[in-house]
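Please read the points below alongside the model.

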Amino acid sequence: MAAILNAVAHIAPYHLMAYGTLLGTELYQSFVMTKICYQALPMAQFTTLQKKVFPAYFRIQVALIALTAATFPTKSVVSLARAGWVFWVPLGTNFGMAALNWLVYGPRTQDMMIKRSHQETIDARKYNDGENTSEDMRRIKRDFSRNHAMAIHLNLIAIGATIWYGFALASKIRFVL
């Protein structure tokens, strides 16, 4: 029993690492890698890459949020629930937004990208060829835009919640000199 209590007492560094990894992953993927890939790759390769990267990113994001909650000092999720709404609301918000992207809006966006590619083959023209797009392509583009915009907004809300949580966490850190 003493070993378990001793292990729990040392959970704080793991919590900080989990939180830092979560924030770093969200910021790096959202604002660095996506922009670089969009600028550096042709659209077909960019789309292929995003179809692989974003499902993994959303899964990792959900896992890191769960790990952050599970390592909340001193007694994991029990302490998190008792710590007050300023801690569990941002983590819960973040978890909800990430889960929606992972399970709903990410797959819908990916499905629309695939349909758009198939429709390009049917129409024998690119999706961005201007006014000469088919009615089916306009519908697919509209559905893609809606789902993609929702995924972007949910991701930004999640990042905001992560930052909010960081401020709450930092307010509780006491330095002993």
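How much space lies in the second largest pocket? The answer is about 270 Å³.

1. Basis. This is a predicted model, in which local features need pLDDT of at least 70 and side-chain atom pairs count only at pLDDT 80 or more, while totals for chains, interfaces and linings use all residues. Residues are numbered from 1 along each chain as its sequence is written, and side-chain values use heavy atoms, with hydrogens and water left out.

2. Second largest pocket. A pocket is found on a 1 Å grid over the protein atoms alone, as an open set of points where a 1.4 Å probe fits, with protein on both sides within 12 Å along at least five of seven lines; lining residues have an atom within 4 Å of a point. Volume is the space filled by probe spheres set on the points, which are joined across faces, edges and corners. Here the lining has 14 residues, and Met43, Ala44, Thr47, Ser117 and Glu120 lie nearest the centre. Two or more lining residues come from each of α3 and α5; α5 gives the most, with 6 residues. Helices are DSSP runs (H or I, at least four residues), strands likewise (E, at least two), numbered from the N terminus. By class the lining has 5 nonpolar, 5 polar and 4 charged residues. Ala, Val, Leu, Ile, Met, Phe, Trp, Tyr, Cys and Pro count as nonpolar, Asp, Glu, Lys and Arg as charged, and the others, Gly among them, as polar.

3. Largest pocket. Its volume is about 680 Å³. Of the 29 lining residues, Thr34, Gln50, Phe54, His148 and Ile152 lie nearest the centre. At least two lining residues are supplied by each of α2 (12–40), α3 (43–70), α5 (85–123) and α6 (135–172). The lining divides into 15 nonpolar, 11 polar and 3 charged residues.

4. Helix pair. The axes of α2 and α6 come within 10 Å and cross at roughly 145 degrees; axes are lines fitted to C-alpha atoms over the stretch in contact, with angles from 0 to 180 degrees between N-to-C directions. Contact (heavy atoms within 4.5 Å) involves residues including Tyr19, Leu23 and Phe31 in α2 and Ile159, Ile163 and Leu169 in α6. By class this contact has 12 nonpolar, 5 polar and 1 charged residues.

5. Annotations. An unreviewed UniProt entry places "transmembrane region" at residues 56–73, 85–105 and 147–167; such annotations may be inferred rather than shown by experiment. Residues 85–105 are 100% helix, with end C-alpha atoms 27 Å apart. Residues 147–167 are also 100% helix, with end C-alpha atoms 30 Å apart. UniProt also lists "domain: TMEM205-like" (unreviewed entry) at residues 18–117, a span that is 91% helix and 0% strand.

6. Backbone to check. Most residues other than glycine have a negative phi, and most peptide bonds are trans. Proline 73 and threonine 74 are joined by a cis peptide bond, with omega about 0 degrees; threonine 74 is in the loop between α3 and α4 (77–83). Alanine 124 has a positive phi of about 60 degrees and is placed in the loop between α5 and α6.
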